[in-house]
Structure formats: structure tokens, C-alpha cells
Amino acid sequence: MKNEYIPIDKELCPYEFSIQIGVELFRIEVLYNDVGDFFSVSLYREEEALVLGEKLVYGVPLFADMYTQAFPAPTIVPLDESGEENTVTYDNLGDSVFLVVDNQ
């Protein structure tokens, strides 16, 4: 089964979009810190902020350390499936590193 990706348009940062994850609709806000060269995301359900400013860290599932029933069931992980990258940067996000959705 081919993995799903959450598309990130880094040229639009800061921006937000709505996305269905599992069976629920969420809003994700994407920010970029050019001084530290990192991205962060915030997760909202309706107007409720569930997570604010979580840094994208390569290979680390988003929202994992704060998981409760309020968060989406699928795991979302910044990965390069070719195995060539090991960090998330402005240059590689959306080119070789993607937010991979694991629905299992």
C-alpha cells in the first residue's frame, strides 16, 4: 500500500489549511523559522487549539508526546522514504522529506 502524504507548500508560510485525518476534520497551521531553519505546526479542531508550535523533527511522530483522544489516530511522521535525508530543512521539505501518514 502506498503511503499518504500531507502536502506542505513552504512558499506560503505562514499559512493554514484544513485536512481530514482519520474521520475528523482538523486545521493545521504551518510556520517557518528562517533563523533556526525549522518548521513548526499547530493543530486545531474547530476553534480549539490542540497543539501549538510543534517543531517538525525528522523521524519523530507529530504530537506523539501529547497524544490523547483529542488527537488524530494516524501517525504523521516527517520522513524521506529514500533514506537519504536525516533532518527537516527548508530545502528538503516537500522535495525529499514529506509528512507521511501511517493509517495503520
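Buried means under 20% relative accessible area, exposed means over 50%, and partly exposed lies in between, using a 1.4 Å probe and protein chains only. With that rule, 40% of the 104 residues of the chain count as buried.

The model is predicted, so local features need pLDDT of at least 70 and side-chain atom pairs count only at pLDDT 80 or more, while totals for chains, interfaces and linings use all residues. Residues are numbered from 1 along each chain as its sequence is written, and side-chain values use heavy atoms, with hydrogens and water left out.

**Exercise 1. Find the secondary structure elements and the sheet that holds β2.**

Step 1: Take helices (H or I, at least four residues) and strands (E, at least two) as DSSP runs, numbered from the N terminus. The chain then has seven strands and zero helices.

Step 2: Let two strands pair if DSSP finds at least two bridges between them.

Step 3: Seven bridges connect β2 (residues 15-21) with β3 (residues 24-33), and Ser18 has Arg27 in β3 as its bridge partner. Another seven bridges join β3 to β4 (residues 38-45), where Glu29 is partnered by Ser42. Between β4 and β5 there are five bridges, and Val41 finds its partner in Glu54 of β5.

Step 4: Look at the turn. β4 and β5 form a hairpin with two residues between them, and Glu46 in that turn has a positive phi of about 55 degrees.

**Exercise 2. Work out how the strands β1, β7 and β6 are arranged.**

Step 1: These three strands form an open sheet in the order β1-β7-β6, paired antiparallel. β1 (4-6) and β6 (75-79) each have a single partner strand, so one side of each is left without a neighbour in the sheet.

**Exercise 3. Sort the residues of β2 by face, then follow Phe17 into the core.**

Step 1: In β2, the covered face has Tyr15, Phe17, Ile19 and Ile21, whereas Glu16, Ser18 and Gln20 make up the uncovered one.

Step 2: Define a nonpolar core as a set of buried Ala, Val, Leu, Ile, Met, Phe, Trp, Tyr and Cys residues joined through side-chain atoms within 4.5 Å. The largest such core has 24 residues, and Ile6, Ile8, Phe17, Ile28, Val30 and Leu56 touch the most other members. At least two residues come from each of β2, β3, β4, β5 and β7 (98-102). β2 supplies the largest share, four residues.

Step 3: List the contacts of Phe17, where contact means heavy atoms within 4.5 Å. Leaving out residues up to four places away in sequence, Phe17 touches Ile6, Pro7, Ile8, Phe26, Arg27, Ile28 and Val30.

**Exercise 4. Describe the surroundings of Ser40.**

Step 1: Ser40 sits in strand β4 and counts as buried at 10% relative accessibility.

Step 2: Its C-alpha atom is 4.1 Å from that of Lys55, which is 15 residues away along the chain. Beyond four places in sequence, Ser40 touches Glu29, Val30, Leu31, Gly53, Glu54, Lys55 and Leu56.

**Exercise 5. Locate the salt bridges and say what they link.**

Step 1: Apply the rule: a side-chain nitrogen of Lys or Arg within 4 Å of a carboxyl oxygen of Asp or Glu. The count comes to four salt bridges.

Step 2: Start with Asp95 and Lys10, whose closest N and O atoms are 3.1 Å apart. Asp95 is in the loop between β6 and β7 and Lys10 in the loop between β1 and β2, 85 residues apart. Asp95 is exposed at 54% relative accessible area, whereas Lys10 counts as buried at 13%.

Step 3: Turn to Arg27 and Glu16, which meet at 2.9 Å, N to O. Arg27 lies in β3 and Glu16 in β2, so the pair ties together parts eleven residues apart in sequence. Arg27 is buried at 17%, and Glu16 is partly exposed at 44%.

Step 4: Glu16, Arg27 and Glu47 are linked in a network of salt bridges.

Terms used. Contact means heavy atoms within 4.5 Å.
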